[in-house]
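Here's a quick tour of a few spots worth a look. Have the sequence and the 3D view open before reading on.

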Amino acid sequence: MSLTGTSMGSGGQTARKAVNFGRTYVVRPKGKHQATVVWLHGLGDNGSSWSQLLETLPLPNIKWICPTSPTRPVSIFGGFPSTAWFDVGDLSENAADDLEGLDASAAHVANLLSTEPADIKLGVGGFSMGAATSLYCASCCALGKYGNGNPYPAKISTVVGLSGWLPCSKTLKNKLEGENEAVTRAASLPVLLCHGTSDDVVPYKFGEKSSGTLKAAGFQNVIFKSYSGLGHFTIPEEMDQVCAWLSSNLGLDGSSS
């Protein structure tokens with residue numbers, strides 16, 4: 001969850017109430033369009049700051065979509081309004097998951113990807129709370145449905161989570177067991193997790209445990225990269241890893257036209 005620092009609209013609805021998302025920032029591919037990645041910012045941030053950073057990456061074949069989350073009361077801030085993909089009360093092993101908020105944000109991501117051409121590879125990534133939302137999208141993609149049971153439509157090719165955690169981690173393995181198609185989707189979905197060992201906002205152990213939980217649930221292509229001394233922010237070395245991961249797993253060739 002990004003309380004501070006660099007991390008990188010439209011409307012959506014849940015079953016109970018309207019959710020108003022903020023402005024969406026789009027970075028057009030500088031070369032031939034081969035993939036589209038939705039990138040999700042952290043708590044208190046917006047899509048603009050990440051769009052500026054992503055535009056500098058040497059990935060000419062990616063279209064980046066950087067939405068801004070709704071502004072909502074956030075329990076960890078004592079109910080003070082902030083941009084947040086879902087509500088969070090605290091960062092602990094037993095923290096409750098805001099399924100309604102997670103489903104609404106996962107649906108927003110799927111909606112943003114729904115108009116991409118059929119031959120374009122799709123990815124989701126994020127930082128902190130955005131990473132948590134991205135990993136929830138990975139779970140929905142594997143299960144083929146949202147937490148509320150509605151079908152999940154997006155066909156995601158890869159997922160990236162920086163300095164984040166896996167929501168609903170305690171129930172994921174049980175939900176996947178016995179669901180053959182879901183197990184197959186989980187096994188084939190590449191997931192990159194990166195985390196700094198000195199993260200004082202989202203503890204390093206949360207990233208490490210998220211990786212282990214995904215692997216135990218059947219996600220066979222999970223890579224966990226740790227960065228010694230890194231706090232709750234990103235560095236060029238980490239973004240180089242992201243670039244290499246996306247190029248490989250989205251089949252990018254770097255072509256200019």
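This is a predicted model: local features need pLDDT of at least 70, side-chain atom pairs count only at pLDDT 80 or more; totals for chains, interfaces and linings use all residues.

## Helix H1

Let's start with H1, which runs over residues 47–54. Its buried residues are Gly47, Ser48, Trp50, Ser51 and Leu54. They sit on the same side of H1, because the arc they cover around the axis is only 170°. As for what lies over them, the cover includes the strands E3 (25–27), E4 (35–40), E5 (62–66), E8 (121–127) and E9 (158–162), along with helix H7 (236–249).

The N-terminal end of H1 has a cap, asparagine 46. One of the side-chain oxygens of asparagine 46 is 2.8 Å from the backbone nitrogen of serine 48, and serine 48 is itself among the buried residues of the helix.

## Leucine 166

Next up is a loop residue: leucine 166 falls between E9 and helix H4 (169–176). Leucine 166 counts as buried because its relative accessible area is 4%, under the 20% cut-off.

Beyond residues up to four places away in sequence, leucine 166 touches Leu135, Ser139, Leu172, Ser210, Thr213 and Leu214. Its C-alpha atom is also 8.8 Å from that of serine 134, 32 residues apart along the chain.

## Histidine 195

Histidine 195 belongs to strand E10, residues 191–196. Is it buried or exposed? Histidine 195 is buried, at 1% relative accessibility.

A polar atom of the histidine 195 side chain lies 2.8 Å from the backbone oxygen of valine 202. Setting aside neighbours within four places in sequence, the contacts of histidine 195 include Val202, Pro203, Tyr204, Phe224, Tyr227 and Glu238.

Note on methods:
Residues are numbered from 1 along each chain as its sequence is written. Side-chain values use heavy atoms; hydrogens and water are left out. Buried means under 20% relative accessible area, exposed over 50%, partly exposed in between (1.4 Å probe, protein chains only). Helices (H or I, at least four residues) and strands (E, at least two) are DSSP runs, numbered from the N terminus. The arc is that of the directions from the helix axis to the C-beta atoms. Contact means heavy atoms within 4.5 Å. A polar contact is a pair of N or O atoms within 3.5 Å; within protein, one must be able to donate a hydrogen and the other to accept it, and residues adjacent in sequence count only if both atoms are side-chain atoms.
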